[in-house]
Amino acid sequence: MSMSRNVIFVGGPGSGKSNYLFRTWIAIERETGLLVKDGLPPDLGYLHDGATILLDGRFAPHTSRDTRHTSSIPIAQRNLPGFTSTLVVPDASGELWLDLYRKREWPLAWDELITETCGLVLLVLAGSPHNVPALDWVTCERFYRDGVSPQPTDIPTQVLLVDWLQILHSIADRKLGRKCAPRLSVIVTAWDRVPTDRQRGSPQDYLEAEFPLLAQFIQADAHGFCAKVFGLSIVGGDPELDPEFRKHLQLSDPSTLGYVITASSTGVERHADVLEPIYWALGLQA
C-alpha cells in the first residue's frame, strides 16, 4: 500500500532541521535502518548537496528566510514486503517558525501535510546561541524595585516551543478532530555538546534543567500529542568545534556515525539508528 507519511520538522534558527534532513537522506539512501529508498526523490540534487556538506565534515549553512523547500523521498520499510510510501519533509527557515509566533502565520500549503499519518519532530539545539533564557523574575523584581526600568526582551525559547505545539495541535484539531493524537518527537540536537556529566542523564532531564516550561508541558500529557523525548547526535561529534573529529568524519562513512539517546525503565539507552525519532513520529515503533 502506497501513501504519504508526512513529518513536519519544527524549530527555530540553528536548531538542526536541515542537517537532520540530510542525515535522514544518508540513512535512507545507504539503507542502514528500518526505512530504505524505493526510488529517487524529485529533489535529489538538494538532498545530495546537503549530504555532501556532511560528508565534507561540515554542517549545512543557515537556511535563508525565503526558503520553503519540501522533500519527497520514496521509501519502503525493511522486512515488510509490499509497503511503499513517500516521506514528505518540509524544510523551512527558523524565521518562519518565529513568524508563526509573532504573526500567527502558517503556510497554507502545509495544511495538506496534517493528516492522520503525519508526525511532528520538534528540534532544540543544545547550547544554541539562539536560545533565549527565561527571565529570573526574583532578580528582575529586585532591580525594578530599586528603580531600574524594565527593558524589552526577546521571547524565551521555551515559550516559543510550547506556543508552537499549541498552535499545531489546534490545526490538527481543526483538520482531524479531537480524537486524533499526532505523534511528536522532541529532540535535543547536538547531544554531543551536552557536558559529559549531564549526558548520564536523560534528554527529559536536560529539558527539565534548561527548558522547564517545555518539560512540564510534555510531562503533563494534556497537550494532545503522543510524545517522546530523544537526544540526537547526527554524526557523533562536532566537526566545526573539533578539528580532529572533522578529520575522523571525512575519513569515515557518515551512515555509520551518530546516535540517539532515549530513556527507558532500565535507564538511559544509546542507539545507533539516528532515524528512531522519525520512526516514533510516524508510528512505526511502539
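Modeller: In this predicted model, α1 gives the largest share of the lining of the largest pocket, 4 residues.

Biologist: What makes a residue count as lining there?

Modeller: Lining residues have an atom within 4 Å of a point of the pocket. By that cut-off, 31 residues line the largest pocket. Gly 14, Ser 15, Gly 16, Asn 19 and Leu 125 lie nearest its centre.

Biologist: Which elements give two or more residues to that lining?

Modeller: They are α1 (17-30) and β7 (226-233).

Biologist: How does the lining of the largest pocket divide into nonpolar, polar and charged?

Modeller: It has 11 nonpolar, 15 polar and 5 charged residues. Gly counts as polar, so Gly 14 and Gly 16, both among the lining residues, belong to the polar group.

Biologist: What volume does the largest pocket have?

Modeller: About 570 Å³. The second largest pocket has about 330 Å³.

Biologist: Why is the second one called a pocket, not a cavity?

Modeller: A pocket is an open set of points, whereas in a cavity the probe cannot get out.

Biologist: Which residues lie nearest the centre of the second largest pocket?

Modeller: Pro 13, Leu 98, His 130, Thr 157 and Leu 160, out of 20 lining residues. Two or more residues come from each of α3 (94-103), β5 (119-125) and α5 (157-176). α5 gives the most, with 4 residues.

Key: Residues numbered from 1 in each chain as written. Predicted model: local features only at pLDDT ≥ 70, side-chain atom pairs only at ≥ 80, totals over all residues. Heavy atoms only, no water. 1 Å grid on protein atoms, 1.4 Å probe; cavity = no way out; pocket = protein on both sides within 12 Å on 5 of 7 lines; lining within 4 Å. Points joined across faces, edges and corners; volume = space filled by probe spheres on them.
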